Amino acid sequence: MLSSFIPRGNRGIGLKISALAVLFGSLLGCTTPTTPTRSYEPIARSTPRTTRKQTAPEWRFRPLSWEKLEAIEVWMAGSGRRASNALRMEAELTLARGRLTFATRDRRQLSPATLNARLDSAHAGFSRVLSSPASTAVDRQRAREGQGQVAAQRKQAPKALGIIPRSSWKASSAVPSRLTPNRGAWNRLTVHHSAEYAGLLRTASSSESADAIRSIQRYHVQDKNYGDIAYHFLIDPRGRVFEGRSMRWQGAHAGGNNNVHNIGICLLGDFDRESPSQASLTALEQLVTQLRSKHGISSDRVVGHGELKTTACPGRHLRSWPRSYRGGRGTGGRLAAR
Ligand SMILES: [Zn+2]
């Protein structure tokens, strides 16, 4: 009898371990004994605690970090599927609360798209707890509190900026033989105006703005022999953002080597004659902040065309915008406060 080797104090636990070993041994054909078979090997008093530590997932003992959240995801997709209900609910709640914590902590630095993605995944995690038959009343209470906090964060979060794709404004195909592929990371953003009066577009429909953008593309491709519209993004006076030249290609908006790794953004309008609308400035700030976040571009690399070469672009009413953005508004603080 294996139990005869167990020191008196641990005999009850030893019996359980022996029984389990026999059970698993017979089920799995296990060849490795899990209990000592020699009488002179004492079982330490800490055995039960050690056994628990070995079965508890390692992430439980880590402080909150992205690495911990990743470890939980890996565990949930693997050995966690066979874990107890309590552990699986703890994993789901820890993951959702972690994402919510990081969304709240980083909200000033995050693009709206990233912030919303974090809030979405936190909300989805809390929903899984609420709908799971494995959750307890306490788990569900925690999940409901979490969802309340997600909703509070969302109220303050700016909406992710929608970008109207080329297909929606019926762009002509690019001419790759006249284009230069972008190689390496984007590291600058340059602001332009179209230099065409856009006052009439302040109440325009999306398709009227699309007509204006197609005519810029025609001018650039047919008259100037470019491979495509010069800018990567265009913004109309209503604040709609249109995808311009694909980011696969270097732009053709800043002159020669200034185009290297330089994202071009054009506001429709002649800002020597008119002021940019508030809607277009809001969209510009959001787009610039989103692109900076995505490509890791510092705010002091946001410039107006006239800072790279002698030109009136982007017009006297928009000229101060890049400087003001660099001067602090570009930290995202204003966006987050909205
Ligand atoms: Zn320009």
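Me: Which strand is arginine 188 found in?
Reply: Arginine 188 sits in strand β2. Strands (E, at least two residues) and helices (H or I, at least four) are DSSP runs, numbered from the N terminus. This is a predicted model: local features need pLDDT of at least 70, side-chain atom pairs count only at pLDDT 80 or more, and totals for chains, interfaces and linings use all residues. Residues are numbered from 1 along each chain as its sequence is written, and side-chain values use heavy atoms, with hydrogens and water left out.

Me: Is arginine 188 buried or exposed?
Reply: Buried, because its relative accessible area is 19%. Buried means under 20%, exposed over 50%, and partly exposed in between (1.4 Å probe, protein chains only).

Me: What is arginine 188 in contact with, leaving aside neighbours within four places in sequence?
Reply: The list is Asn258, His261, Asn262, Ile263, Ile297, Arg301, Val303 and Leu308. Contact means heavy atoms within 4.5 Å.

Me: And how are arginine 188 and arginine 292 separated?
Reply: They are 104 residues apart along the chain, and their C-alpha atoms are separated by 8.6 Å.

Me: New topic. Which residues coordinate the zinc ion?
Reply: His192 (ND1), His305 (ND1) and Cys313 (SG) do, at 2.0 to 2.3 Å. Donors are N, O and S atoms within 2.8 Å of the metal (3.2 Å for Na, K and Ca). Water is not among the atoms, so sites may look incomplete.

Me: How are the donor residues spaced in sequence?
Reply: The pattern is H-x112-H-x7-C.

Me: Why does cysteine 313 count as buried?
Reply: Because its relative accessibility is 8%. Histidine 305 is buried too, with a relative accessible area of 10%.

Me: Now the second largest pocket. How many residues line it?
Reply: The lining has 21 residues, and His193, Tyr219, His220, Lys224 and Tyr231 lie nearest the centre. A pocket is an open set of points on a 1 Å grid over the protein atoms alone, where a 1.4 Å probe fits, with protein on both sides within 12 Å along at least five of seven lines. Lining residues have an atom within 4 Å of a point.

Me: Which element gives the largest share of that lining?
Reply: α7, with 3 residues. Both β2 (188-193) and α7 (206-223) supply at least two.

Me: Last one. How many helices and strands are in the chain?
Reply: The chain has 10 helices and 6 strands. Buried residues make up 43% of its 338 residues.
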